Amino acid sequence: MSNTAILEIDGKKYEFPVIIGTENEVAIDIDKLRGTTGAITLDPGFKNSGSCKSDITFLDGEKGILRYRGYAIEELAEQSNFLEVSYLLIFGELPTQAQLEKFENDIRKYTLVNEEMKNIIDGFPKNAHPMGILASLTSALTAFNPQQVNVGDDKQLYDAVCKAMGKFLVIATWTFRKNMGYPLNYYDNTKGYVENFMRLMFELPTGPYKPNPTVVEALDKLFILHADHEQNCSTSTVRIVGSSHAGLFASISAGVSALWGPLHGGANQAVLEMLEEIQANGGDAEKYIAKAKDKDDPFRLMGFGHRVYKNFDPRAKIIKKAADDVLAELGVDDPVLSIAKKLEEAALQDDYFKARNLYPNVDFYSGIIYRAMGIPTEMFTVLFAIGRLPGWIAQWKEMRLNKEPIGRPRQVYTGSPLRPFVKQDQR
Ligand code: ACO
């Protein structure tokens, strides 16, 4: 591979360096493009544009590969746990036992959320969507933790990471308790992180609560699978907001908002709503497949297709197995889940879906598994956010430590040329 690329504009040739990544990914470095040629690139949706160099996650959409810091997602899901993977993503290496224990203990120092945050929650309508509340509460944490983190100071940075990991889990579950009218509760520092998630969600003051270990284990795995996915919509948002040197909570709050959309993390909720709709209309999966193929119908099969995975989503493979295990273990018999199976089988055999490489993605199966676990549909994307948190933190930290410039894309202006102002009575 040549180490330069040549661009010709108006008969004049310009050379640009070619950069090769660790896994032989090829990129043309156009940092000097506008300065030397006066031209910019146009790439809506950034389908062809790299926004940064990153050491965190590698994925190959054609081959269905996903690795965190060089470790295969399959091995991590099988052998690691969510806090260990969080440490790996954020600090770059798998922790020793002592480092992991310290990390878990340091997170516990920050699991108490300022009581005044409860006044903010009180202000939301009871039926507000949990993702909207979560974005607001995450942003509000900035007000309660106003001190700017000096990213050059390892201790300050480490404490900020632990604080985000501790407080975010608590406020994320409070969005559900608000919705249910349950009293807001506290993290139990004698218990594990994922077990605490279940307690924070479902424990009531009226009786003892013991989370099902199969559910805790499956959730831990789901969080690992969601933990990072390189420069996706919400992560790019976190990096771009952080590039203005906005704080960690403010950047994460923006990530939550980006994740909420149904084309991104909100798809797991949309999948279940779609399955429920199919069931309510007689359970005819074929009819909905036909609708998805109809160009005059805006309907899309939620949970199918992916911007980068064009063969299969390696996370979907792992989750599909976890979903089968959990459904068998919990003995769940749910007609909506049978519709999911029918839809999956029918779409996988359909030429339209085959030709466009549309396979079930991670959200298709995660919605199913969450439902079997008794998690309400509106909370699905919040669970995605809890899983994605270490990825957002790792990417924010990398962006700041690499001293990346403020994110500020260009545009091609296609509006009106200069025209004189028209007074109101002459319009
Ligand atoms: N149902 C029906 N047709 C689809 C679907 C779908 N779910 N997804 C893509 N297509 C079709 C498009 O109509 C298009 O067809 P055409 O070539 O005949 O015009 C072709 O497949 C390519 O689609 P694009 O929209 O160009 O693909 P893109 O990579 O931009 O979109 C996306 C990816 C947004 C994920 C899309 O597949 C989609 O909307 N899926 C449903 C929502 C979803 O599940 N999102 C979760 C993504 S995973 C995540 O965020 C964790």
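A residue is termed buried under 20% relative accessible area, exposed over 50%, and partly exposed in between (1.4 Å probe, protein chains only). By this criterion Asp106 is buried, with a relative accessible area of 6%. The structure is a predicted model, in which local features need pLDDT of at least 70 and side-chain atom pairs count only at pLDDT 80 or more, whereas totals for chains, interfaces and linings use all residues. Residues are numbered from 1 along each chain as its sequence is written, and side-chain values use heavy atoms, with hydrogens and water left out.

Side chains of opposite charge can pair when their charged atoms come close. With a salt bridge defined as a side-chain nitrogen of Lys or Arg within 4 Å of a carboxyl oxygen of Asp or Glu, the count comes to 18 salt bridges. One of the pairs joins Asp106 to Lys109, at an N to O distance of 2.9 Å. In contrast to the buried Asp106, Lys109 is exposed, at 62% relative accessibility. Lys102 is linked with Asp106 and Lys109 in a network of salt bridges.

A salt bridge is also formed by Lys293 and Asp350, again described by an N to O distance of 2.9 Å. Lys293 belongs to helix H13 (residues 285-293) and Asp350 to the loop between helix H15 (335-349) and helix H16 (351-355), so the pair ties together parts that are 57 residues apart in sequence. Helices (H or I, at least four residues) and strands (E, at least two) are DSSP runs, numbered from the N terminus. Asp350 is buried, its relative accessible area being 14%, while Lys293 is partly exposed at 32%.

In the salt bridge between Glu23 and Arg67, the closest N and O atoms are 3.0 Å apart. This pair links distant parts of the chain, 44 residues apart: Glu23 is located in the loop between E2 and strand E3 (26-28), and Arg67 in strand E5. Glu23 is partly exposed, at 39% relative accessibility; Arg67 is likewise partly exposed, at 23%.

Strand E5 also takes part in an open sheet of 3 strands, with the order E4-E5-E6 and antiparallel pairing. Strand E4 (57-60) and strand E6 (71-72) are the edge strands, each pairing on one side only. Two strands are taken to pair if DSSP finds at least two bridges between them; E4 and strand E5 (residues 65-68) pair in the antiparallel sense over 4 bridges. Within this sheet, Thr57 stands opposite Tyr68 in E5.

On the surface, Met1, Ile20 and Val26 form a nonpolar patch, with about 330 Å² of accessible area together. Accessible areas come from the Shrake-Rupley method with a 1.4 Å probe, and for residues only the protein chains shown count as cover. Patches are made of residues with over 30% relative accessible area and no salt bridge, like charges being joined within 9 Å and nonpolar side chains (Val, Leu, Ile, Met, Phe, Trp, Tyr) within 5 Å. Ile20 lies in strand E2 (residues 12-20) and is partly exposed, with a relative accessible area of 42%.
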